[in-house]
Amino acid sequence: MKAILSLAIMLFTLVTFAQEQKVEFEKADNNLVKATYYFADNSDVVERIGFFNKDKQLHGTWVTFNQAGEKTAVANYENGKKHGEWLYYADGKVKVVIYEFNKITDVQTKDVAVN
């Protein structure tokens, strides 16, 4: 019984202090919904932006940022599947991964300036 009470108190504490992530949704062109997610510990800084289709699947371009607002990744989806060019930015380089419906077809690394 004491263990159950301790577990209940711990769960209550976690739920009480857990921060919820702020998310905004808005209608976009072509029956898409634009989603903007903000960091849970700083609701003024965007974590990622992208689109959902009418079936609530990831669709189109998604961009991810770090807490400093710098772009860390650009991903592309087609009806919930990874498709097209994905870019991962780190240390002045970009890793380019090409997907065809969730399957990697090519990987390259290039020196670039992050914009």
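Q: How much of the protein is buried?
A: Buried residues make up 23% of its 115 residues. Buried means under 20% relative accessible area, exposed means over 50%, and partly exposed is in between, with a 1.4 Å probe and protein chains only.

Q: What kind of model is this?
A: This is a predicted model, where local features need pLDDT of at least 70, side-chain atom pairs count only at pLDDT 80 or more, and totals for chains, interfaces and linings use all residues. Residues are numbered from 1 along each chain as its sequence is written, and side-chain values use heavy atoms, with hydrogens and water left out.

Q: OK, what secondary structure is there?
A: There are 1 helix and 9 strands, in the order α-β-β-β-β-β-β-β-β-β from the N terminus. Helices (H or I, at least four residues) and strands (E, at least two) are DSSP runs, numbered from the N terminus.

Q: Which residues make up the largest nonpolar core?
A: A35, Y37, F52, W62, A75, Y77, W86, V97 and Y99, 9 residues in all. A nonpolar core is a set of buried Ala, Val, Leu, Ile, Met, Phe, Trp, Tyr and Cys residues joined through side-chain atoms within 4.5 Å.

Q: Which elements give two or more residues to this core?
A: Those are β2 (33–39), β5 (71–78) and β8 (93–100). Another core, of 7 residues, lies apart from it, and its members include V63, V74, L87 and V94.

Q: Back to Y37. What is Y37 in contact with?
A: Leaving aside neighbours within four places in sequence, Y37 is in contact with Q21, K22, V23, V46, E47, R48, F52 and W62. Contact means heavy atoms within 4.5 Å.

Q: And R48, where does its charged end sit?
A: Over the ring of Y37, 4.0 Å from the ring's centre. For a charge to sit over a ring, NZ of Lys or CZ of Arg must be within 6 Å of the ring centre and within 35 degrees of the ring normal. K22 lies over the face of Y38, at 4.6 Å from the ring centre.

Q: How many aromatic pairs are there?
A: The structure holds 5. Y37 and W62 form a tilted one, 6.2 Å centre to centre with 40° between the planes. Rings of Phe, Tyr and Trp (its six-membered ring) pair if their centres lie within 6.5 Å; planes under 30 degrees apart count as stacked, over 60 as edge-to-face and the rest as tilted.

Q: What does the Y37 and W62 pair tie together?
A: Y37 lies in strand β2 and W62 in strand β4 (residues 60–65), so the pair ties together parts that are 25 residues apart in sequence.
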